[in-house]
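Hello,

Here is the structure you were going to look at.

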Amino acid sequence: MNNWETLPSWFWAVYYLFLLITLVAAIFSVLKRVNKSLSILGILITFSLPIIGVVNSIGRAEGMNEFEHLVSQIQQGAMWSIFTLIGFMFLFLWWVLFLRNIK
């Protein structure tokens, strides 16, 4: 019996779809030279967030899903979890700027 908890499949579909759409939009923004430096940073963050999340979720406690582990690590001040939180806040802010500047 496997005691590892995980988030539902629909969550992972939305998560990776968000990252994929963000990546495509950021590349488009770089090619159009709109917010180029922020878009390059967005591309880097889009690649790094899932890698950092997977690597740091490997050692999570049994019965704890990825989100619970992230929240627990934020409360403990783990740098990877703070980077993840700031990274997603940046991506959401980037989307606001992208949607404002799209023509």
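Asn65 sits in the loop that links α2 to α3 (66-76). Please keep in mind that this is a predicted model. Asn65 has a relative accessibility of 14%, and because the cut-off for buried is under 20%, this residue counts as buried. A polar atom of the Asn65 side chain is 3.0 Å from the backbone nitrogen of Phe67. Neighbours within four places in sequence aside, the contacts of Asn65 are Glu5, Thr6, Leu7 and Arg60.

**α4 against α2**

Helix α2 covers residues 36-57 and helix α4 residues 79-101; their axes come within 9 Å and cross at roughly 145 degrees. This crossing of α2 and α4 is left-handed. Sorted by class, the α2 and α4 contact holds 12 nonpolar residues, 8 polar ones and no charged ones.

**α4 against α1**

Helix α1 (residues 9-31) packs with α4 at an angle of about 50 degrees, and the two axes are 11 Å apart. That angle is why α1 counts as oblique to α4. The crossing of α1 and α4 is left-handed. From α1, the contact residues include Tyr15, Phe18, Leu19, Ile21 and Phe28; from α4, they include Phe88, Leu91, Phe92, Trp95 and Phe98. The class count for α1 with α4 is 13 nonpolar, 2 polar and no charged residues.

Regards

How values were computed:
Residues are numbered from 1 along each chain as its sequence is written. This is a predicted model: local features need pLDDT of at least 70, side-chain atom pairs count only at pLDDT 80 or more; totals for chains, interfaces and linings use all residues. Side-chain values use heavy atoms; hydrogens and water are left out. Axes are lines fitted to C-alpha atoms, for helices over the stretch in contact, and angles run from 0 to 180 degrees between N-to-C directions. Helices (H or I, at least four residues) and strands (E, at least two) are DSSP runs, numbered from the N terminus. A crossing is left-handed if the near helix is turned anticlockwise from the far one by less than a right angle, and right-handed if clockwise. Ala, Val, Leu, Ile, Met, Phe, Trp, Tyr, Cys and Pro count as nonpolar, Asp, Glu, Lys and Arg as charged, and the others, Gly among them, as polar. Angles under 35 degrees count as roughly parallel, over 145 as roughly antiparallel, 65 to 115 as roughly perpendicular and the rest as oblique. Contact means heavy atoms within 4.5 Å. Buried means under 20% relative accessible area, exposed over 50%, partly exposed in between (1.4 Å probe, protein chains only). A polar contact is a pair of N or O atoms within 3.5 Å; within protein, one must be able to donate a hydrogen and the other to accept it, and residues adjacent in sequence count only if both atoms are side-chain atoms.
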